[in-house]
Amino acid sequence: MPVLFMTNNAADLGSSFFALIKFYDILFFIDILFLAWFLYRKQPDIQFQFKKLDIRKYYVAVSALFLFNLTLAEIQMPWLLTKTFDREVMVKNLGTVNYHLHDMFMSSKTSMQKAFANESELDEIINYVEANKSDPNTNMTGLIEGKNIVFISMESIQEFVIGQEVDGKEVTPFLNDLVEESLYFPDFYHQTGQGKTSDSEFLVENSLYPLPRGSAFVSHPNNEFRAVPEIVGEHGYRSAVFHANDETFWNRNMIYDELGYDEFYDIASYTLTEENQVGWGLKDKEFFAQSIPYLKELEQPFYTKFITLTNHFPFDLAPEEQTFAPLDTSSETVNKYFTTVRYTDDAIRDFFAQMKGEGLYEDTVFILYGDHFGIPEYNYNGLEEVLDKELSSFDHVKLQRVPLLIHIPGYEDNRIVEGVYGQIDMKPTLLNLLGIKSDGLYFGHDMLSEDTPSLTILRDGSFITEEVLYTKGICYDAESGKELDASSCEPYQNKVDQELNFSDKVIYGDLLRFLQEETQYRQ
């Protein structure tokens, strides 16, 4: 239901929408067409007579069937209705109609939570956060203090393309080289839900989980948050977002103010022609090039975020701009995906060169991360051909890994950082590197600390540790993918459910408004 209220995004979804339509989708509506034809004929020998008693019997029968189905589902899975974030499991067990009825109920219920929330609800969550806090790496505290910060949100880029070669040709040659000169996190997961890019922004800035339904950017733009832009702004940073799309998409024109951003350079700040745009907006190369003059005008130190667009479904790119030829698999999506990934890689390479040419490179820290997956499960047939393996549910979770590189010019202790992490951990990691004492309430941990717990939670309730991986009711060995006894994953299950539910309560109830300014909570 929350997705149906995000109609402001529809205009920008045109290319993606039509690319997803298939001729056989008409089968979803075949019953309506048949009924229309049937009523049009108006058979004289057929009469519909509904008595009042018949209607009551009908409703009783439908209600009984619904409750019977729900009872069977509850017997099989007692936790079913408490895990509303796993929609796939709910639909399989309740059916589509019953699921939508439940979704309507939950949507109306959550919309009232803010009105009835009170300060006491925050106490239990604070106690949980304090009990599970970890200490930051003091050896890294203040390492980049006073440096400019440039986040690059790499649209739909997944970790498996890093170091990947097809027919002896590197897919991401620039990022491959940058890995050697950066802190690189190979087991880093996106944790987004339906909000996709907006969810990744929400995670990175707030260290809170996205919502199980809809997007927090759209449904809760007026909430009280304690986001990174606001925090660094109190330490002398000028903050800005660069995104060559409409400012209203994902409600960014409203939420960015609440997050504490000073400037937002949206599509109105750029010059677009038929040649320099595709699909969702300005092509990445032109986007970075036109952003440089704005970046030079910002007061330093600055905290900025660049959101790329070209590597977005349906991954269209003119042949003359392709430096990596489309593949030849059974999936057209997969074939084009590698081409636009390479284009974004080239665009980032050019951006680094421009930053050096403008004298901005040496005093800037670059944080590059993938926002969410690019290839959905229904296109795994083509991806299996590329990776030369059959993809299981275990592999699907592993494919939710996205790149994370922290590139610090002049820093010599670059390395691969072992451990399982997620986007929720970026806020405390960055603040510690900046030498800023973390405050507010958040669920992430410093990824550079040896004290960080090994547990990364995905929005659908799946989770990963260094030993186990859990998804769709099955526990796996995290390294080999071998199925394990459920008892191996059970020690983490309560914490996973609790943490997701606590984060949801914070957002739905706007609980951060109850935090006193003088109260500080630190992990």
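This report looks at salt bridges in a predicted model.

## Ground rules

Since the model is predicted, local features need pLDDT of at least 70 and side-chain atom pairs count only at pLDDT 80 or more, while totals for chains, interfaces and linings use all residues. Residues are numbered from 1 along each chain as its sequence is written, and side-chain values use heavy atoms, with hydrogens and water left out.

## The salt bridges overall

You'll find 20 salt bridges here. The term covers a side-chain nitrogen of Lys or Arg within 4 Å of a carboxyl oxygen of Asp or Glu.

## Two pairs that link separate parts

Let's start with D187 and R401, whose closest N and O atoms sit 2.9 Å apart. D187 is in the loop between β4 (183–184) and β5 (188–189), and R401 is in the loop between α16 (393–398) and β12 (404–407), so this pair ties together parts 214 residues apart in sequence. (Helices, H or I with at least four residues, and strands, E with at least two, are DSSP runs numbered from the N terminus.) R401 is partly exposed, at 21% relative accessibility; buried means under 20% relative accessible area, exposed over 50%, and partly exposed in between, using a 1.4 Å probe and protein chains only.

Next up, D316 and K336 form a salt bridge at 2.9 Å, N to O. D316 belongs to the loop between β10 (302–307) and α14 (332–357), with K336 in helix α14, so parts 20 residues apart in sequence get tied together. D316 is partly exposed at 33%.

R513 is partly exposed at 33%, whereas D510 is buried at 3%.
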